[in-house]
Amino acid sequence: MTAQTSRAANDLSAPNDLEAWWLPFTANRSFKARPRMIARAKDMHYYTPEGRAVIDGAAGLWCCNAGHNRDEITAAIQKQAAELDYSPAFQFGHAAGFATASRIAQLAPGDLDHVFFCNSGSEAVDTALKIALAYWNVQGQGSRTRLIGRERGYHGVGFGGISVGGIVKNRQFFGSLLAGVDHLPHTYNRAEQAFSRGEPEWGAHLADDLERIVALHDASTIAAVIVEPMAGSTGVLPPPKGYLQRLRQICDKYGILLIFDEVISGFGRLGTAFAAERYGVIPDMITFAKGVNSGTVPMGGVLVRKGIHDAFMKGPDNAIELFHGYTYSGHPLACAAALATQDIYRDEKLFERAKTLEPVWADAIHSLKGLPNVLDIRTIGLVGAIDLASRPDAVGARAFEAMDRGFHDHDVMMRITGDTIALSPPLIVSEDQIGEIADKVGKVIRAVA
(Lines give C-alpha, C1' and ligand atoms only; values in the text may rest on other atoms or scores of the structure.)
Protein backbone atom coordinates (compact mmCIF):
# COMPACT_ATOMS: atom_id res chain seq x y z
CA MET A 1 0.00 0.00 0.00
CA THR A 2 1.44 3.35 -1.02
CA ALA A 3 1.38 6.42 1.21
CA GLN A 4 -1.23 7.93 -1.11
CA THR A 5 -3.56 4.90 -0.94
CA SER A 6 -3.01 4.69 2.82
CA ARG A 7 -4.18 8.28 3.22
CA ALA A 8 -7.19 7.56 1.01
CA ALA A 9 -8.09 4.52 3.12
CA ASN A 10 -8.09 6.68 6.24
CA ASP A 11 -10.30 9.33 4.62
CA LEU A 12 -13.88 8.18 5.24
CA SER A 13 -15.13 10.46 2.47
CA ALA A 14 -12.78 8.96 -0.16
CA PRO A 15 -13.98 6.31 -2.65
CA ASN A 16 -13.54 2.80 -1.31
CA ASP A 17 -14.11 -0.54 -3.02
CA LEU A 18 -15.11 -2.13 0.34
CA GLU A 19 -12.91 -5.11 -0.41
CA ALA A 20 -10.69 -5.32 2.68
CA TRP A 21 -13.33 -5.83 5.40
CA TRP A 22 -14.65 -9.42 5.57
CA LEU A 23 -17.94 -8.77 7.35
CA PRO A 24 -19.13 -11.27 10.00
CA PHE A 25 -22.42 -13.18 9.61
CA THR A 26 -22.96 -11.33 6.32
CA ALA A 27 -23.57 -12.23 2.68
CA ASN A 28 -20.47 -10.28 1.71
CA ARG A 29 -20.86 -10.41 -2.08
CA SER A 30 -24.47 -9.25 -1.88
CA PHE A 31 -23.61 -6.52 0.59
CA LYS A 32 -20.77 -5.12 -1.48
CA ALA A 33 -23.00 -5.07 -4.57
CA ARG A 34 -25.63 -3.01 -2.69
CA PRO A 35 -24.15 -1.76 0.60
CA ARG A 36 -26.23 -0.87 3.63
CA MET A 37 -23.94 1.83 4.99
CA ILE A 38 -24.39 3.65 8.30
CA ALA A 39 -22.70 6.97 9.01
CA ARG A 40 -24.00 8.03 12.41
CA ALA A 41 -26.69 7.35 15.00
CA LYS A 42 -28.74 9.19 17.59
CA ASP A 43 -31.40 7.96 20.00
CA MET A 44 -33.80 5.75 17.96
CA HIS A 45 -32.25 6.24 14.53
CA TYR A 46 -29.33 5.37 12.32
CA TYR A 47 -28.39 7.74 9.50
CA THR A 48 -27.01 6.82 6.10
CA PRO A 49 -24.10 8.77 4.55
CA GLU A 50 -26.73 10.68 2.56
CA GLY A 51 -28.46 11.72 5.79
CA ARG A 52 -31.50 9.44 5.53
CA ALA A 53 -32.93 8.44 8.95
CA VAL A 54 -33.50 4.70 9.52
CA ILE A 55 -35.47 3.76 12.63
CA ASP A 56 -33.63 1.11 14.63
CA GLY A 57 -35.98 -1.82 15.14
CA ALA A 58 -33.19 -4.08 16.40
CA ALA A 59 -31.25 -2.02 18.99
CA GLY A 60 -28.21 -2.55 16.78
CA LEU A 61 -27.55 -6.21 17.53
CA TRP A 62 -29.89 -6.47 20.54
CA CYS A 63 -27.49 -4.22 22.44
CA CYS A 64 -28.26 -0.47 22.24
CA ASN A 65 -30.92 -0.63 24.96
CA ALA A 66 -30.51 3.01 26.03
CA GLY A 67 -30.60 4.25 22.45
CA HIS A 68 -27.75 5.67 20.41
CA ASN A 69 -25.11 8.26 21.23
CA ARG A 70 -26.45 9.20 24.63
CA ASP A 71 -24.62 12.32 25.78
CA GLU A 72 -23.99 10.98 29.29
CA ILE A 73 -22.32 7.82 28.02
CA THR A 74 -20.25 9.69 25.45
CA ALA A 75 -19.02 12.13 28.10
CA ALA A 76 -18.12 9.28 30.48
CA ILE A 77 -16.07 7.50 27.81
CA GLN A 78 -14.26 10.71 26.86
CA LYS A 79 -13.48 11.56 30.47
CA GLN A 80 -12.20 8.07 31.22
CA ALA A 81 -10.01 8.02 28.08
CA ALA A 82 -8.40 11.26 29.19
CA GLU A 83 -7.67 9.93 32.71
CA LEU A 84 -6.91 6.21 32.38
CA ASP A 85 -6.86 4.68 28.92
CA TYR A 86 -5.93 1.16 29.99
CA SER A 87 -5.17 -0.72 33.16
CA PRO A 88 -4.15 -4.39 33.34
CA ALA A 89 -6.60 -6.65 35.13
CA PHE A 90 -3.97 -9.29 35.89
CA GLN A 91 -2.72 -8.48 39.42
CA PHE A 92 -3.94 -4.84 39.21
CA GLY A 93 -7.26 -3.08 39.37
CA HIS A 94 -8.98 0.27 38.99
CA ALA A 95 -11.92 1.93 40.72
CA ALA A 96 -14.30 1.91 37.75
CA GLY A 97 -13.96 -1.87 37.41
CA PHE A 98 -14.90 -2.52 41.02
CA ALA A 99 -17.73 0.01 40.87
CA THR A 100 -19.14 -1.60 37.72
CA ALA A 101 -19.00 -5.09 39.19
CA SER A 102 -20.80 -3.85 42.29
CA ARG A 103 -23.54 -2.14 40.28
CA ILE A 104 -24.17 -5.23 38.17
CA ALA A 105 -24.18 -7.54 41.19
CA GLN A 106 -26.78 -5.30 42.87
CA LEU A 107 -29.11 -5.88 39.91
CA ALA A 108 -28.80 -9.66 40.04
CA PRO A 109 -31.17 -11.86 42.04
CA GLY A 110 -30.20 -13.97 45.03
CA ASP A 111 -26.54 -14.48 45.83
CA LEU A 112 -25.19 -13.86 42.32
CA ASP A 113 -22.74 -11.41 43.82
CA HIS A 114 -19.42 -11.77 41.97
CA VAL A 115 -18.61 -10.64 38.42
CA PHE A 116 -15.89 -11.92 36.10
CA PHE A 117 -15.40 -9.49 33.20
CA CYS A 118 -14.62 -10.26 29.58
CA ASN A 119 -15.32 -8.50 26.28
CA SER A 120 -18.27 -10.15 24.53
CA GLY A 121 -21.11 -12.57 24.92
CA SER A 122 -19.07 -15.30 23.25
CA GLU A 123 -16.27 -14.83 25.78
CA ALA A 124 -18.82 -14.70 28.60
CA VAL A 125 -20.20 -18.11 27.64
CA ASP A 126 -16.78 -19.73 27.31
CA THR A 127 -15.84 -18.16 30.66
CA ALA A 128 -18.94 -19.57 32.36
CA LEU A 129 -18.31 -23.04 30.95
CA LYS A 130 -14.68 -22.95 32.11
CA ILE A 131 -15.73 -21.76 35.58
CA ALA A 132 -18.19 -24.66 35.77
CA LEU A 133 -15.54 -27.22 34.85
CA ALA A 134 -12.98 -25.68 37.20
CA TYR A 135 -15.52 -25.50 40.02
CA TRP A 136 -16.11 -29.23 39.96
CA ASN A 137 -12.37 -29.82 39.90
CA VAL A 138 -11.77 -27.75 43.02
CA GLN A 139 -14.74 -29.51 44.63
CA GLY A 140 -13.08 -32.87 44.08
CA GLN A 141 -15.61 -33.95 41.44
CA GLY A 142 -13.44 -33.75 38.36
CA SER A 143 -15.55 -36.40 36.61
CA ARG A 144 -18.22 -33.73 36.04
CA THR A 145 -17.11 -32.60 32.60
CA ARG A 146 -20.21 -33.00 30.44
CA LEU A 147 -21.98 -29.84 29.26
CA ILE A 148 -25.64 -29.72 28.25
CA GLY A 149 -26.98 -27.12 25.80
CA ARG A 150 -30.20 -26.95 23.84
CA GLU A 151 -31.22 -27.33 20.22
CA ARG A 152 -31.64 -23.95 18.47
CA GLY A 153 -29.60 -22.34 21.26
CA TYR A 154 -27.14 -19.58 20.47
CA HIS A 155 -24.22 -19.06 22.83
CA GLY A 156 -21.79 -17.08 20.72
CA VAL A 157 -19.00 -18.21 18.45
CA GLY A 158 -16.25 -19.55 20.71
CA PHE A 159 -15.59 -23.27 20.55
CA GLY A 160 -17.40 -23.78 23.85
CA GLY A 161 -20.35 -21.69 22.77
CA ILE A 162 -20.86 -23.37 19.42
CA SER A 163 -20.45 -26.78 21.06
CA VAL A 164 -23.30 -26.22 23.52
CA GLY A 165 -25.19 -24.15 20.94
CA GLY A 166 -27.71 -25.75 18.67
CA ILE A 167 -27.86 -23.70 15.46
CA VAL A 168 -26.72 -25.96 12.63
CA LYS A 169 -25.05 -23.38 10.38
CA ASN A 170 -22.95 -22.12 13.30
CA ARG A 171 -21.59 -25.63 13.90
CA GLN A 172 -21.34 -27.58 10.66
CA PHE A 173 -18.13 -26.06 9.23
CA PHE A 174 -15.97 -26.45 12.33
CA GLY A 175 -15.41 -30.13 12.94
CA SER A 176 -16.27 -32.18 16.00
CA LEU A 177 -16.04 -29.26 18.49
CA LEU A 178 -15.92 -30.10 22.23
CA ALA A 179 -16.43 -33.69 23.25
CA GLY A 180 -18.89 -34.64 25.94
CA VAL A 181 -21.74 -32.31 25.00
CA ASP A 182 -25.44 -33.17 24.78
CA HIS A 183 -28.52 -31.11 23.96
CA LEU A 184 -32.03 -30.66 25.29
CA PRO A 185 -34.82 -30.36 22.72
CA HIS A 186 -35.82 -26.84 21.73
CA THR A 187 -39.06 -25.45 23.12
CA TYR A 188 -40.89 -24.35 19.95
CA ASN A 189 -43.96 -26.09 18.54
CA ARG A 190 -45.94 -23.98 16.09
CA ALA A 191 -48.98 -26.23 16.22
CA GLU A 192 -49.25 -25.71 19.99
CA GLN A 193 -47.86 -22.18 20.39
CA ALA A 194 -48.70 -20.17 17.25
CA PHE A 195 -49.20 -16.41 17.69
CA SER A 196 -48.35 -16.50 21.38
CA ARG A 197 -47.91 -13.40 23.50
CA GLY A 198 -45.41 -13.82 26.28
CA GLU A 199 -44.73 -17.30 27.60
CA PRO A 200 -46.66 -20.01 25.76
CA GLU A 201 -48.88 -22.31 27.81
CA TRP A 202 -47.56 -25.48 26.16
CA GLY A 203 -44.09 -26.88 26.62
CA ALA A 204 -43.00 -26.96 30.28
CA HIS A 205 -42.71 -30.74 30.06
CA LEU A 206 -39.84 -30.40 27.58
CA ALA A 207 -37.56 -29.63 30.54
CA ASP A 208 -38.09 -33.22 31.69
CA ASP A 209 -35.85 -34.39 28.87
CA LEU A 210 -32.99 -33.48 31.17
CA GLU A 211 -33.98 -36.55 33.20
CA ARG A 212 -33.38 -38.68 30.10
CA ILE A 213 -29.94 -37.13 29.57
CA VAL A 214 -29.04 -37.71 33.23
CA ALA A 215 -30.13 -41.35 32.94
CA LEU A 216 -28.01 -41.74 29.80
CA HIS A 217 -24.80 -40.17 31.09
CA ASP A 218 -25.19 -40.27 34.91
CA ALA A 219 -25.32 -37.08 36.95
CA SER A 220 -21.78 -37.63 38.23
CA THR A 221 -20.48 -36.77 34.75
CA ILE A 222 -22.54 -33.60 34.13
CA ALA A 223 -21.06 -30.22 35.02
CA ALA A 224 -23.65 -27.73 33.80
CA VAL A 225 -26.73 -26.99 31.76
CA ILE A 226 -26.75 -23.75 29.77
CA VAL A 227 -29.87 -22.21 28.21
CA GLU A 228 -31.08 -18.81 27.09
CA PRO A 229 -34.17 -17.92 29.14
CA MET A 230 -35.49 -16.55 25.84
CA ALA A 231 -33.77 -17.99 22.78
CA GLY A 232 -33.12 -14.85 20.74
CA SER A 233 -30.89 -15.38 17.73
CA THR A 234 -32.71 -18.51 16.61
CA GLY A 235 -35.90 -16.51 16.09
CA VAL A 236 -37.23 -15.40 19.51
CA LEU A 237 -38.49 -18.45 21.39
CA PRO A 238 -39.98 -17.44 24.77
CA PRO A 239 -39.81 -20.10 27.47
CA PRO A 240 -43.00 -22.04 28.09
CA LYS A 241 -44.67 -21.30 31.40
CA GLY A 242 -42.96 -23.32 34.13
CA TYR A 243 -40.14 -24.57 31.88
CA LEU A 244 -37.24 -22.72 33.51
CA GLN A 245 -38.53 -23.53 36.98
CA ARG A 246 -38.54 -27.25 36.12
CA LEU A 247 -35.00 -27.05 34.76
CA ARG A 248 -33.89 -25.50 38.05
CA GLN A 249 -35.62 -28.27 40.04
CA ILE A 250 -33.99 -31.05 38.02
CA CYS A 251 -30.55 -29.41 38.23
CA ASP A 252 -30.96 -29.11 42.00
CA LYS A 253 -32.03 -32.75 42.22
CA TYR A 254 -28.78 -33.93 40.62
CA GLY A 255 -26.39 -31.19 41.75
CA ILE A 256 -25.93 -29.81 38.23
CA LEU A 257 -25.00 -26.16 37.71
CA LEU A 258 -27.55 -24.09 35.77
CA ILE A 259 -26.28 -21.24 33.58
CA PHE A 260 -28.59 -18.63 32.08
CA ASP A 261 -27.20 -17.00 28.95
CA GLU A 262 -28.67 -13.51 29.29
CA VAL A 263 -26.50 -11.77 26.72
CA ILE A 264 -29.72 -10.74 24.93
CA SER A 265 -32.31 -10.88 27.70
CA GLY A 266 -30.28 -8.97 30.29
CA PHE A 267 -30.60 -5.27 31.12
CA GLY A 268 -34.29 -4.69 30.62
CA ARG A 269 -35.12 -6.47 27.38
CA LEU A 270 -37.86 -8.52 29.10
CA GLY A 271 -38.93 -5.82 31.56
CA THR A 272 -36.57 -6.74 34.41
CA ALA A 273 -32.84 -6.33 34.98
CA PHE A 274 -32.37 -10.02 34.15
CA ALA A 275 -34.83 -12.61 32.90
CA ALA A 276 -34.00 -14.65 36.01
CA GLU A 277 -35.92 -12.04 37.98
CA ARG A 278 -38.92 -12.20 35.63
CA TYR A 279 -39.15 -15.96 36.07
CA GLY A 280 -38.26 -16.18 39.75
CA VAL A 281 -35.40 -18.60 39.04
CA ILE A 282 -31.90 -18.15 40.46
CA PRO A 283 -29.33 -19.82 38.19
CA ASP A 284 -25.80 -20.53 39.33
CA MET A 285 -24.30 -18.20 36.72
CA ILE A 286 -25.61 -15.52 34.38
CA THR A 287 -23.70 -14.45 31.27
CA PHE A 288 -24.17 -10.87 30.09
CA ALA A 289 -22.86 -8.43 27.47
CA LYS A 290 -24.65 -6.26 24.85
CA GLY A 291 -26.93 -4.05 26.99
CA VAL A 292 -24.48 -3.69 29.89
CA ASN A 293 -23.23 -0.43 28.36
CA SER A 294 -25.73 -0.08 25.53
CA GLY A 295 -23.29 -1.49 22.99
CA THR A 296 -20.89 1.45 23.19
CA VAL A 297 -17.64 -0.34 24.14
CA PRO A 298 -17.12 -4.12 23.94
CA MET A 299 -17.88 -5.69 27.32
CA GLY A 300 -19.21 -8.92 28.72
CA GLY A 301 -19.09 -10.90 31.90
CA VAL A 302 -20.36 -13.67 34.13
CA LEU A 303 -22.31 -13.25 37.35
CA VAL A 304 -21.43 -16.08 39.75
CA ARG A 305 -23.13 -17.22 42.94
CA LYS A 306 -21.21 -16.71 46.15
CA GLY A 307 -20.71 -20.41 46.83
CA ILE A 308 -19.08 -20.98 43.45
CA HIS A 309 -16.75 -18.01 43.86
CA ASP A 310 -15.82 -18.95 47.42
CA ALA A 311 -14.96 -22.52 46.41
CA PHE A 312 -11.92 -21.12 44.58
CA MET A 313 -10.69 -18.96 47.46
CA LYS A 314 -8.38 -21.58 48.96
CA GLY A 315 -4.67 -22.24 49.13
CA PRO A 316 -1.87 -19.70 49.63
CA ASP A 317 -2.96 -16.06 49.52
CA ASN A 318 -0.47 -15.29 46.74
CA ALA A 319 -1.73 -18.12 44.49
CA ILE A 320 -3.87 -17.40 41.42
CA GLU A 321 -7.27 -18.96 42.07
CA LEU A 322 -8.56 -19.17 38.47
CA PHE A 323 -6.24 -19.40 35.47
CA HIS A 324 -8.45 -17.50 33.08
CA GLY A 325 -8.91 -13.94 31.86
CA TYR A 326 -8.47 -11.49 29.02
CA THR A 327 -6.15 -8.55 28.34
CA TYR A 328 -9.17 -6.27 28.18
CA SER A 329 -11.20 -7.69 31.09
CA GLY A 330 -12.83 -4.75 32.86
CA HIS A 331 -11.42 -2.22 30.40
CA PRO A 332 -11.62 1.30 31.90
CA LEU A 333 -13.54 2.75 28.94
CA ALA A 334 -16.03 -0.13 28.94
CA CYS A 335 -16.55 0.28 32.69
CA ALA A 336 -17.06 4.04 32.41
CA ALA A 337 -19.64 3.44 29.69
CA ALA A 338 -21.34 0.76 31.80
CA LEU A 339 -21.64 3.01 34.86
CA ALA A 340 -23.13 5.83 32.78
CA THR A 341 -25.50 3.39 31.09
CA GLN A 342 -26.65 1.92 34.39
CA ASP A 343 -27.39 5.46 35.59
CA ILE A 344 -29.61 6.02 32.55
CA TYR A 345 -31.43 2.73 33.11
CA ARG A 346 -32.07 3.71 36.73
CA ASP A 347 -32.91 7.38 36.25
CA GLU A 348 -35.17 6.87 33.23
CA LYS A 349 -36.65 3.64 34.64
CA LEU A 350 -36.08 1.92 31.31
CA PHE A 351 -36.54 -1.61 32.64
CA GLU A 352 -39.92 -0.62 34.06
CA ARG A 353 -40.69 1.17 30.81
CA ALA A 354 -40.12 -2.02 28.84
CA LYS A 355 -42.55 -3.85 31.12
CA THR A 356 -45.18 -1.13 30.70
CA LEU A 357 -44.78 -1.09 26.92
CA GLU A 358 -44.89 -4.89 26.54
CA PRO A 359 -48.65 -5.11 25.80
CA VAL A 360 -48.48 -2.08 23.47
CA TRP A 361 -45.62 -3.72 21.60
CA ALA A 362 -47.45 -7.05 21.46
CA ASP A 363 -50.59 -5.44 20.03
CA ALA A 364 -48.58 -3.64 17.35
CA ILE A 365 -46.55 -6.64 16.20
CA HIS A 366 -49.48 -9.07 16.33
CA SER A 367 -51.46 -6.65 14.17
CA LEU A 368 -49.35 -7.98 11.29
CA LYS A 369 -51.10 -11.36 11.53
CA GLY A 370 -52.87 -12.08 8.28
CA LEU A 371 -50.36 -10.36 6.04
CA PRO A 372 -49.05 -12.41 3.08
CA ASN A 373 -46.81 -15.33 4.05
CA VAL A 374 -46.93 -14.67 7.81
CA LEU A 375 -46.90 -18.09 9.48
CA ASP A 376 -46.39 -17.10 13.11
CA ILE A 377 -45.73 -14.13 15.39
CA ARG A 378 -44.17 -14.28 18.87
CA THR A 379 -43.71 -11.41 21.32
CA ILE A 380 -42.26 -11.12 24.80
CA GLY A 381 -40.94 -8.05 26.58
CA LEU A 382 -39.77 -5.65 23.88
CA VAL A 383 -38.92 -8.46 21.47
CA GLY A 384 -40.87 -9.81 18.53
CA ALA A 385 -40.47 -12.35 15.75
CA ILE A 386 -42.39 -12.86 12.53
CA ASP A 387 -41.99 -16.16 10.67
CA LEU A 388 -42.41 -15.84 6.91
CA ALA A 389 -43.10 -18.69 4.54
CA SER A 390 -39.98 -19.68 2.65
CA ARG A 391 -39.83 -19.42 -1.11
CA PRO A 392 -39.58 -22.75 -2.93
CA ASP A 393 -35.96 -23.94 -2.92
CA ALA A 394 -34.81 -20.61 -1.46
CA VAL A 395 -34.93 -20.78 2.33
CA GLY A 396 -34.03 -17.41 3.81
CA ALA A 397 -34.41 -15.45 0.58
CA ARG A 398 -37.70 -13.80 1.52
CA ALA A 399 -36.47 -12.51 4.88
CA PHE A 400 -33.16 -11.41 3.36
CA GLU A 401 -35.04 -9.34 0.80
CA ALA A 402 -37.21 -7.96 3.60
CA MET A 403 -34.15 -6.83 5.56
CA ASP A 404 -32.58 -5.26 2.47
CA ARG A 405 -35.75 -3.52 1.33
CA GLY A 406 -36.48 -2.41 4.86
CA PHE A 407 -33.21 -0.53 5.02
CA HIS A 408 -33.12 0.87 1.49
CA ASP A 409 -36.80 1.50 0.77
CA HIS A 410 -38.70 1.76 4.06
CA ASP A 411 -36.19 3.28 6.50
CA VAL A 412 -36.33 0.53 9.10
CA MET A 413 -33.56 -1.73 10.41
CA MET A 414 -34.46 -5.27 11.42
CA ARG A 415 -32.70 -8.56 12.19
CA ILE A 416 -33.28 -11.75 10.26
CA THR A 417 -32.53 -15.40 10.89
CA GLY A 418 -33.58 -17.82 8.19
CA ASP A 419 -37.02 -16.58 7.15
CA THR A 420 -37.75 -14.97 10.51
CA ILE A 421 -37.79 -11.22 11.07
CA ALA A 422 -36.65 -10.35 14.61
CA LEU A 423 -37.38 -7.01 16.24
CA SER A 424 -35.97 -5.60 19.51
CA PRO A 425 -35.99 -1.78 19.59
CA PRO A 426 -34.08 0.34 22.10
CA LEU A 427 -35.95 0.60 25.40
CA ILE A 428 -36.45 4.34 24.83
CA VAL A 429 -38.88 3.59 21.99
CA SER A 430 -42.13 5.59 22.17
CA GLU A 431 -45.63 4.27 21.52
CA ASP A 432 -45.71 6.25 18.27
CA GLN A 433 -42.39 4.73 17.21
CA ILE A 434 -43.69 1.25 18.02
CA GLY A 435 -46.54 1.97 15.63
CA GLU A 436 -44.07 3.29 13.06
CA ILE A 437 -41.93 0.13 13.26
CA ALA A 438 -44.98 -2.11 12.88
CA ASP A 439 -46.26 -0.06 9.95
CA LYS A 440 -42.95 -0.13 8.11
CA VAL A 441 -42.42 -3.84 8.73
CA GLY A 442 -45.92 -4.45 7.42
CA LYS A 443 -45.10 -2.58 4.22
CA VAL A 444 -41.92 -4.62 3.84
CA ILE A 445 -43.81 -7.91 4.28
CA ARG A 446 -46.26 -6.89 1.56
CA ALA A 447 -43.38 -5.85 -0.71
CA VAL A 448 -41.73 -9.29 -0.54
CA ALA A 449 -44.94 -11.28 -0.92
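## Close-up views

**View A. At 24% relative accessibility, arginine 152 counts as partly exposed.** Here, buried stands for under 20% relative accessible area, exposed for over 50%, and partly exposed for the range in between, with a 1.4 Å probe and protein chains only. A word on the model before we go on: it is predicted, with local features needing pLDDT of at least 70 and side-chain atom pairs counting only at pLDDT 80 or more, while totals for chains, interfaces and linings use all residues. Residues are numbered from 1 along each chain as its sequence is written, and side-chain values use heavy atoms, leaving out hydrogens and water. Back to arginine 152, which sits in the loop between strand E5 (146-150) and helix H7 (159-164). These labels follow DSSP runs, numbered from the N terminus: helices are H or I of at least four residues, and strands are E of at least two. Take a look at the backbone here, too: arginine 152 is not a glycine, yet its phi is positive, at about 65°.

**View B. Phenylalanine 195 is another non-glycine residue with a positive phi, about 55°.** You will find phenylalanine 195 in the loop that links helix H9 (190-193) to helix H10 (209-217). Is its side buried or exposed, or something in between? With a relative accessible area of 22%, phenylalanine 195 is partly exposed.

**View C. Serine 390 lies in the loop between strand E12 (383-388) and helix H16 (397-409).** Its relative accessibility is 36%, and serine 390 counts as partly exposed. Which residues does serine 390 touch once its neighbours within four places in sequence are set aside? They are Val395, Gly396, Arg398 and Asp419, where a contact means heavy atoms within 4.5 Å.

**View D. Histidine 324 occupies the loop between helix H13 (306-312) and helix H14 (332-347).** Although it belongs to a loop, histidine 324 counts as buried, at 15% relative accessibility. Leaving out neighbours within four places in sequence, histidine 324 makes contact with Phe116, Thr127 and Lys130. Leucine 129 is 195 residues from histidine 324 in sequence, and their C-alpha atoms are 12 Å apart.

**View E. Alanine 276 belongs to helix H12 (residues 275-279).** This alanine is buried, with 2% relative accessibility. What surrounds alanine 276, beyond its neighbours within four places in sequence? The contacts are Pro109, Phe260, Glu262, Val281, Pro283 and Ile286. From alanine 276 to aspartate 387 is 111 residues along the sequence and 27 Å in space, C-alpha to C-alpha.

**View F. Glycine 291 is placed in the loop between strand E9 (285-288) and strand E10 (300-305).** At 2% relative accessibility, glycine 291 counts as buried. Beyond neighbours within four places in sequence, glycine 291 is in contact with Cys63, Asn65, Phe267, Thr341 and Tyr345. Arginine 34 is 257 residues away from glycine 291 in sequence, and the two C-alpha atoms are 30 Å apart.

**View G. Cysteine 118 is in no disulfide.** A disulfide is counted as a pair of cysteine sulfur atoms within 2.5 Å, and a search of the whole structure finds 0 of them. For cysteine 118, the nearest cysteine sulfur is that of cysteine 335, 12 Å away. Cysteine 118 is buried, at 1% relative accessibility. Cysteine 251 is buried as well, with a relative accessible area of 1%.

**View H. Zooming out, the protein has 17 helices and 15 strands.** Its radius of gyration is 22 Å, close to the 22 Å from the globule rule for 449 residues, so the protein is as compact as a globular protein of that length. That radius is taken over C-alpha atoms, and the rule is 2.2 Å times the number of residues to the power 0.38. Along the principal axes, the C-alpha atoms fill a box of roughly 60 × 55 × 45 Å. Of the 449 residues, 54% count as buried. Among contacts with a separation of 6 or more, 73% come from residues 24 or more positions apart.
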